[in-house]
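Me: I've got a structure to get through today. Can you walk me through it?
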Amino acid sequence: MSKKKLLGSQVKQLLSGVSDHGNAHLLEVETDLAQTTILLGEAIEKLGVSFMALHSAISSEQEEINLIISSGGVADDSVLRLKAIQEDIATHISSAVTSLQFQDLTSQLISRTLQRCEGLREVLGTLGVVGNDMQHDGETDELTALLRETTLRLEKQSADLKNLLRKAVHQKHMDSGDIELF
């Protein structure tokens with residue numbers, strides 16, 4: 001086999017291999033992300049139910065404490081301490097419920113990552129098509145032109161994906177107001 005034919009065969013094998021292996025890895029990434037989304041959703045749902053039950057129990061306890069206080073059998077300094085504790089508990093519960101928004105932020109990130117995987121799959125598909133269409137015995141000039149054309153197609157696909165997903169992260173912390181990640 002001549003050097004030209006060998007080069008064409010090796011480039012074809014490389015492009016097809018990158019496409020095949022890349023797609024296999026992307027499938028695993030997408031499966032892991034889907035599983036993560038399900039687990040995260042279930043965990044957040046259970047946390048939400050637990051926090052709401054905790055809030056309900058504390059509210060019931062508070063009603064009982066208020067009855068005891070209204071009966072006049074508790075010292076004024078104890079009443080003040082109980083009220084401070086009540087406010088502290090309410091603040092912590094509110095903070096915990098707000099933190100459950102983490103699931104929404106994470107879901108947005110996972111969705112964005114899946115979009116990136118799809119874009120990468122398209123790029124790998126382009127490599128696979130080029131690899132399959134390439135002639136084993138093509139001339140070096142033909143090979144060079146095909147690789148140049150492929151590079152331009154890949155750059156366009158990459159730029160299109162980047163423009164689709166280019167959005168700034170506006171929120172740096174969970175407790176700093178409205179959450180607008182993208």
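Reply: One term to begin with: a contact means heavy atoms within 4.5 Å. Among contacts in the protein chain between residues at least 6 apart in sequence, 81% join residues at least 24 apart.

Me: Okay. Where does the model come from, and how are things counted?
Reply: This is a predicted model, where local features need pLDDT of at least 70, side-chain atom pairs count only at pLDDT 80 or more, and totals for chains, interfaces and linings use all residues. Residues are numbered from 1 along each chain as its sequence is written, and side-chain values use heavy atoms, with hydrogens and water left out.

Me: How many helices and strands does the protein chain have?
Reply: Four helices and zero strands. Along the sequence the pattern reads α-α-α-α. Helices (H or I, at least four residues) and strands (E, at least two) are DSSP runs, numbered from the N terminus.

Me: What percentage of the residues is buried?
Reply: Buried residues are 23% of the 182 in the protein chain. Buried means under 20% relative accessible area, exposed means over 50%, and partly exposed is in between (1.4 Å probe, protein chains only).

Me: Switching to helix 2. What does it reach, end to end?
Reply: Helix 2 covers residues 76–99, which is 24 residues. From first C-alpha to last it reaches 35 Å, close to the 34 Å expected at 1.5 Å a residue. The expected span is 1.5 Å times one less than the number of residues.

Me: Which residues of helix 2 are buried?
Reply: Val 79, Ile 93 and Ala 96.

Me: Where is the largest pocket lined?
Reply: Its lining includes Ile 58, Ile 65, Leu 82, Ile 89 and Ile 93. Helix 1 (3–70) and helix 2 are the elements that give two or more residues to that lining. A pocket is found on a 1 Å grid over the protein atoms alone: an open set of points where a 1.4 Å probe fits, with protein on both sides within 12 Å along at least five of seven lines. Lining residues have an atom within 4 Å of a point.

Me: Now helix 4. Which of its residues are buried?
Reply: Leu 143, Thr 150, Leu 154, Leu 161 and Leu 165. Helix 4 (residues 140–165) has 26 residues and reaches 37 Å, close to the 38 Å expected.

Me: Thr 126 next. Buried or exposed?
Reply: Thr 126 counts as buried, because its relative accessibility is 7%. It lies in helix 3. Leaving aside neighbours within four places in sequence, Thr 126 is in contact with Arg 153, Leu 154 and Gln 157.

Me: What about Glu 118?
Reply: Glu 118 is also in helix 3 (residues 102–133). Its relative accessible area is 37%, so it is partly exposed. Glu 118 and Leu 161 are 43 residues apart in sequence, but 9.3 Å apart in space, C-alpha to C-alpha.

Me: Last one, Lys 156. Why does it count as exposed?
Reply: Because its relative accessible area is 53%. Lys 156 is in helix 4. Its C-alpha is 9.8 Å from that of Val 123, 33 residues away along the chain.
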